[in-house]
Amino acid sequence: MSDNHTSIVSEKTNINNTKELGEKVLQFLIERKIIEEKLTDCTLGVLGYKPGSNFLSVLEKQNGDFLNLGVNGLEVITKRTVFHSNGENLEGIYCPNCKQNQIEKNWSNALDSWYNKSNSDLIKCSNCSYENSITKFIFEPNWAFGDFGLVFWNWGKFKNQFFTDLEKVIGTEIKVIYGKV
Ligand SMILES: [Zn+2]
């Protein structure tokens with residue numbers, strides 16, 4: 001069986017305080033009993049937080065019998081990561097200026113530069129010649145580039161109110177990426 005995830009990503013966090021931000025968001029989620037306090041083996045490979053007694057308050061509806069799945073936790077990511085949909089193939093990478101598909105470009109250098117936090121993560125559009133950071137291009141299916149993210153495994157569909165509440169706690173806009181592996 002494949003596992004679905006909902007990744008809630010901040011692309012605008014201060015890179016130096018993602019650990020503290022992680023603590024703050026965890027406290028928010030634990031106080032509301034959306035997740036359990038204890039780290040357990042409930043995600044893919046790393047420790048995570050299982051759904052708490054009040055998990056249903058943030059979901060549109062319960063995702064089948066996900067409480068009985070081995071993979072149903074929250075993984076908190078506090079390091080530079082590209083969040084994407086995994087199972088799906090990339091169909092297009094569109095220039096933020098002229099919207100032309102630039103998927104044929106060589107993206108690996110710009111991606112490496114972004115990971116290494118160097119300033120050369122720019123890609124020049126072959127159509128309009130504008131240069132933009134790789135993070136500004138529009139990926140289809142959607143990608144997010146961030147230093148902070150919450151990955152909920154197999155939780156299903158969240159209420160919009162939950163995203164609004166998280167934006168307040170995190171202090172930036174968030175981007176939501178749906179995917180499966
Ligand atoms: Zn362009």
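Predicted model: local features only at pLDDT ≥ 70, side-chain atom pairs only at ≥ 80, totals over all residues.
K33 is partly exposed, because its relative accessible area of 48% falls between the 20% limit for buried and the 50% limit for exposed. K33 sits in the loop between α1 and β2 (35-40). Its backbone has a positive phi of about 60°, although K33 is not a glycine.

At 49% relative accessibility, K99 counts as partly exposed.

Now consider the whole protein. Its secondary structure comes to three helices and twelve strands. Along the principal axes, the C-alpha atoms fill a box of roughly 55 × 35 × 30 Å. A compact globule of 181 residues would have a radius of gyration near 16 Å, and the protein has 17 Å, which agrees. Of the 181 residues, 44% count as buried. The protein exposes about 9,900 Å², and carbon and sulfur atoms supply 46% of that area. Among contacts between residues at least 6 apart in sequence, 71% join residues at least 24 apart.

The largest nonpolar core has 25 residues, and V25, L29, F152, W155, F162 and L166 have the most contacts inside it. Three elements, α1 (18-31), β11 (148-153) and α3 (160-170), each supply at least two residues of this core. A second, separate core has 13 residues, including W107, A110, I123 and F137.

F162 shows how contacts reach across the sequence. Leaving aside neighbours within four places in sequence, F162 is in contact with I8, L29, I34, V58 and F152. T6 is part of strand β1 (residues 4-10), and T6 counts as buried because its relative accessibility is 3%. Not counting residues up to four places away in sequence, T6 touches L150, V151, F152, G156, F158, V176, I177 and Y178.

The zinc site comes next. Which residues coordinate the zinc ion? They are C95, C98, C125 and C128, each through its SG atom, at 2.3 Å. In sequence these donor residues are spaced C-x2-C-x26-C-x2-C. The four donor atoms subtend angles of 106 to 115° around the zinc ion, so the arrangement is tetrahedral. C125 counts as buried, at 2% relative accessibility, whereas C128 is partly exposed, with a relative accessible area of 21%.

Two further loops complete the tour. P141 lies in the loop between β9 (138-140) and β10 (144-146). The peptide bond from E140 to P141 is cis, with omega near -5°. N68 belongs to the loop between β3 (48-51) and β4 (74-77). Is N68 buried or exposed? At 64% relative accessibility, N68 counts as exposed. N68 and N101 are 33 residues apart along the chain, and their C-alpha atoms are separated by 42 Å.

Conventions
Residues numbered from 1 in each chain as written. Heavy atoms only, no water. Helix = DSSP H or I, 4+ residues; strand = E, 2+ residues; numbered from the N terminus. Buried < 20%, exposed > 50% of the residue type's maximum accessible area, 1.4 Å probe, protein only. Contact = heavy atoms within 4.5 Å. Core = buried A, V, L, I, M, F, W, Y, C linked by side-chain atoms within 4.5 Å. Donors = N, O, S within 2.8 Å, 3.2 Å for Na, K, Ca; no water. Tetrahedral: all angles 85-135°; square planar, octahedral: opposite > 155°, others 65-115°. Rg over C-alpha atoms; globule rule 2.2 N^0.38 Å. Areas by Shrake-Rupley, 256 points an atom, 1.4 Å probe, with all protein chains shown as cover.
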